[in-house]
Amino acid sequence: MPQSIKKVGIIGAGQMGTGIAHVVALGGHDVVINDLKPEAVEESIRTIEKYMTRQAEKGIISEAQVAPALERIKFAPTFGDFADCDLVIEAATEDEAVKRKIFTELCKHLNPSTMLATNTSSISITRLASTTDRPERFIGMHYMNPVPLMELVELIRGIATDDDTFVATREFVESLGKNVAVSEDFPAFIVNRILLPMINEAVYTLYEGVGTVEAIDKAMKLGAHHPMGPLELADFIGLDTCLSVMQVLYEGLSDSKYRPCPLLVKYVEAGWLGRKTNRGFYDYRGETPVPTR
């Protein structure tokens, strides 16, 4: 019998963890958030309040939903605060070593029935599950960014994921008003297997002088009806995350077509990671974004 999910733990109070907490609390579930920096959780809750208020003003949700949803969100200072969670979702940085360390430590504090999910956008679910004491209760649950706006969640079973875990997490995701796409456990799954090579090719197009930043983004917005140009989108995702996914694809599939563009590597080495550092393919420090190349 699939387990009912009532209380959810979230590890990581960054952009993704914040968005997941937002939709889970609106979905009527209790949420506890842990981050290495307590101030990050405080900022996360303030961000959630701001966006829920904005949603209410636009009529996306009712004003009566905001206060109860915010009351469901609490700070979890330690992994011990996840002991009574039905599901814990890891939304830490896209670094396998970091994620493996989190799961190794986390499992010491959980109820045996607690399910685990990772929000990884590219890393093997089977490999991450192997670091836990419950690979059969482990699943990939890849939310799209920004979580409150995007309709899709990819569900990825590891080799050991059991049917009850899959059914319970699928029902949970659908209860949040999201649609599910089921992917096999291959590097980068479905969305990023298609999206990131396109972004990487756009960076190559810039690197080789085929077009400027503005020309490339304009071409894809007006010529392919993409809502954002690929370089603008890369800045939004984070160039370090884009590089990480391309490295997973390149190493996991051993195909030269996935080789990260040297210009993408250079931007990451410079610390120009996109919107989160105010500089990437665009400079965001002024009133309007200006191309950096």
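Here is a short chat about the sheet and helices in this predicted model.

Me: What makes β7 and β8 a pair?
Reply: Two strands pair if at least two bridges are found between them. Strand β7 (residues 152-157) and β8 have 5 bridges, in the parallel sense, so they count as paired by that cut-off. As one spot to look at, Glu154 stands opposite Ala181 in β8.

Me: Why are β3 and β8 said to stand at the edges of the sheet?
Reply: The open sheet has 8 strands, in the order β3-β2-β1-β4-β5-β6-β7-β8, with mixed pairing. β3 (73-75) and β8 (179-183) each have a single partner strand, so one side of each has no neighbour in the sheet.

Me: Why is the unit made by β7, α6 and β8 called right-handed?
Reply: Point the strands away from you: a crossover is right-handed if the path from the first strand over the helix to the second runs clockwise. β7, α6 and β8 make a β-α-β unit of that right-handed kind, so their path runs clockwise in that view.

Me: Which strands does helix α6 lie across?
Reply: Helix α6 (residues 163-175) lies across β1, β4, β5, β6, β7 and β8, at about 25 degrees to β6.

Notes. Residues are numbered from 1 along each chain as its sequence is written. This is a predicted model: local features need pLDDT of at least 70, side-chain atom pairs count only at pLDDT 80 or more; totals for chains, interfaces and linings use all residues. Side-chain values use heavy atoms; hydrogens and water are left out. Helices (H or I, at least four residues) and strands (E, at least two) are DSSP runs, numbered from the N terminus. Contact means heavy atoms within 4.5 Å. Axes are lines fitted to C-alpha atoms, for helices over the stretch in contact, and angles run from 0 to 180 degrees between N-to-C directions.
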